[in-house]
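These are my notebook entries on one structure. I set down what I looked up, entry by entry.

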Amino acid sequence: MAKEIILKAESVSKSFGGVKALQNVSFELQKGEVLAVVGENGAGKSTLMKIIAGALKNDEGSLYFEGKKLELHSPLDAAKIGISIVYQEPNIFADMSVLENIFMGNEVVGKGGTIKWTQMYKEAVEALKLVGLDGKILPLTMSELSIGNQQLVLIARGIYKKCKILILDEPTSILSHNESEKLFEIIEELKEKGVSIMYISHRIPEILRISDNIIVLRDGCLTGTLSPKEISEETIITAMSGREINMSVYQERKQEAEAILEVKNLSLGSVYQDVSFCVRPGQILGMYGLVGAGRSEIARAVFGETNAQSGQILFEGEDITHININQAVERRIFYVPEDRGAQGLFDIHSVKDNMSVSFLDSLSNKIGIIDKKKEKQVVRENIEKYSIKTPNQEISVNSLSGGGQQKVLFCRWLLQKPKVLILDEPTRGIDVMTKTEIHKYIMELAQEGVAVIVISSDLPEVMELSDNIITLYKGKVTARFDRETVTEEDILKNALNLSEE
């Protein structure tokens, strides 16, 4: 029995200036199917999703929804017929309540236009139950929630709208292990109800686990449709890149005996308590824990963005517990934050401005005037060295792919050689090829004697890169491991605080 086709794309094409983002893309989405969309950063995945969701207009080709030609003029048009999208970076109204965010643009109103708050509250409680969240969070502002919970609220909003097609763009990149497992349960429930799901992810194991079919995009073209039952991770990687990728980058290297950075009994209320660790020049220290374990907060204390209540931070023997960011940068302690959109990049500014912003002093003359020629030269060298795909350095950074944006943020802190480099989720939401490139850059820095701290929710990444690993649970260090003896089970057990069971 033939399955019902809910969405059909025929020769969809889209260009931005002279760049062809999509070229003659055709596919079918069945009712109740999970269709994974994979490809390198810049392959056209997000452009395709935005066209289906009404945020962009295709130049050529056609879309058909439930057998009828689809003409969308806005995301609201898509939402009205049952197409919902949850973007990789949570698209929220930070200072408005969770309740208001769920119903934004879709409020329940009575006669005379009065909003029915009681009815909305009841419906929102039910929507949150579907994603495992408590209705008690409804009065809170979205900014008071963790990034993972913000994402779950947006998924709840999509489900509440009784969508027929749900588009999820890198949904697990900011979710904890438990939150991801809950999402997979939700996806299975939605499938049973006949909801179709388009699922973008760079995490290949989860694609093989949950998808019914996989379409592969490369350089804007659809290069194939794969069945997850018949392929391996290597098959997908080769289809995405057109070549085999060696993902193993670890190399033995000299590590100095003396620590360059020591953290002793660092505490901040319930956020983290009695945290101690050290890192040596040439060493990569991995930090693994669930979202909310205090990893980023510890990193920001080392970087001088926040201050601990007690404990001590020593850098080259100097007490730097209460320094600020400028003083950390002067000592060449650099931090790449986990949320490149909200915490890292100036999204309406150019690639050049984003890359050079932290070191304008070194690019300026004695009276503070920036040497534009020198700035362009330094930025050009980094674009070439780190293979950043951009037409030119003056283009807005938000026009780059996620991987390109991450490289720009990474390069910002490499205009001067760091002594300590803290990388918070360095490969979140980027493709396997770009991820491998960044891993190689991290290894090269360690070989040059840089002390590197890698904070990641990606367990294989932590195990591949790290010389030593610490696990955290609710702000406390639960275990310490060497790469030679550690197992995934050891790390997970301690990150989930199951070691006593």
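Is Asn-265 buried, partly exposed or exposed? I find that Asn-265 counts as partly exposed, at 44% relative accessibility; buried means under 20% relative accessible area, exposed over 50%, and partly exposed in between (1.4 Å probe, protein chains only). The model is predicted, so I note that local features need pLDDT of at least 70 and side-chain atom pairs count only at pLDDT 80 or more, while totals for chains, interfaces and linings use all residues. Residues are numbered from 1 along each chain as its sequence is written, and side-chain values use heavy atoms, with hydrogens and water left out.

**Entry: positive phi**

I placed Asn-265 in strand 11; strands (E, at least two residues) and helices (H or I, at least four) are DSSP runs numbered from the N terminus. Asn-265 is not a glycine, yet has a positive phi of about 50°. I noted a positive phi of about 50° for Lys-474 as well, which is not a glycine either. Lys-474 lies in the loop between strand 19 (468-473) and strand 20 (476-482) and counts as exposed, at 57% relative accessibility.

**Entry: strand 9 and its partners**

I looked up the pairing of strand 9 (residues 213-218), where two strands pair if DSSP finds at least two bridges between them. Strand 3 (residues 34-38) pairs with strand 9 in the parallel sense over 4 bridges, and Ala-36 stands opposite Ile-214. With strand 10 (residues 221-226), strand 9 pairs in the antiparallel sense over 5 bridges; here Ile-214 stands opposite Leu-226. The hairpin of strand 9 and strand 10 has 2 residues between the strands, and Asp-219 in this hairpin takes a positive phi near 55°.

**Entry: strand 13**

How many residues of strand 13 are buried? I count 6 of its 6 residues as buried. In a regular strand the side chains alternate between the two faces of the sheet. From strand 13, Ile-284, Gly-286 and Tyr-288 point one way, and Leu-285, Met-287 and Gly-289 point the other way. Strand 13 runs parallel to strand 18 (residues 451-455), joined by 4 bridges, with Ile-455 as the bridge partner of Met-287. Strand 13 also pairs with strand 19 in the parallel sense, over 5 bridges, and there Met-287 stands opposite Ile-470.

**Entry: rings**

I looked for pairs of Phe, Tyr and Trp rings (six-membered ring for Trp) with centres within 6.5 Å, where planes under 30 degrees apart count as stacked, over 60 as edge-to-face and the rest as tilted. The count comes to 1 aromatic pair. Phe-303 and Tyr-335 form this tilted pair, 5.7 Å centre to centre with 50° between the planes. Phe-303 lies in the loop between helix 9 (295-302) and strand 14 (310-315) and Tyr-335 in strand 16 (residues 333-336), so the pair ties together parts 32 residues apart in sequence. I find both Phe-303 and Tyr-335 buried.

I then looked up charges over rings (NZ of Lys or CZ of Arg within 6 Å of the ring centre and within 35 degrees of the ring normal). The charged end of Arg-483 sits over the ring of Tyr-250, 3.5 Å from its centre.

I used a 1 Å grid over the protein atoms alone: a cavity is a set of points where a 1.4 Å probe fits but cannot get out, a pocket is an open set with protein on both sides within 12 Å along at least five of seven lines, and lining residues have an atom within 4 Å of a point. The second largest pocket holds about 970 Å³ of space. Of the 40 residues that line this pocket, Arg-203, Pro-205, Asp-458, Leu-459 and Pro-460 are the closest to its centre. Among the elements that each supply at least two residues of its lining are helix 6 (177-192), helix 15 (432-447) and strand 13.

The search of the whole structure gave me 2 cavities of 30 Å³ or more. The second largest cavity has a volume of about 30 Å³, and its lining consists of Leu-130, Ile-159, Ile-186, Glu-189, Leu-190 and Lys-193. Helix 6 gives the most to this lining, with 3 residues.

**Entry: Met-443**

I placed Met-443 in helix 15 and found this residue buried, with a relative accessible area of 2%. The C-alpha atoms of Met-443 and Val-249 are separated by 7.2 Å, although the two residues are 194 residues apart along the chain.

Technical notes. Points joined across faces, edges and corners; volume = space filled by probe spheres on them.
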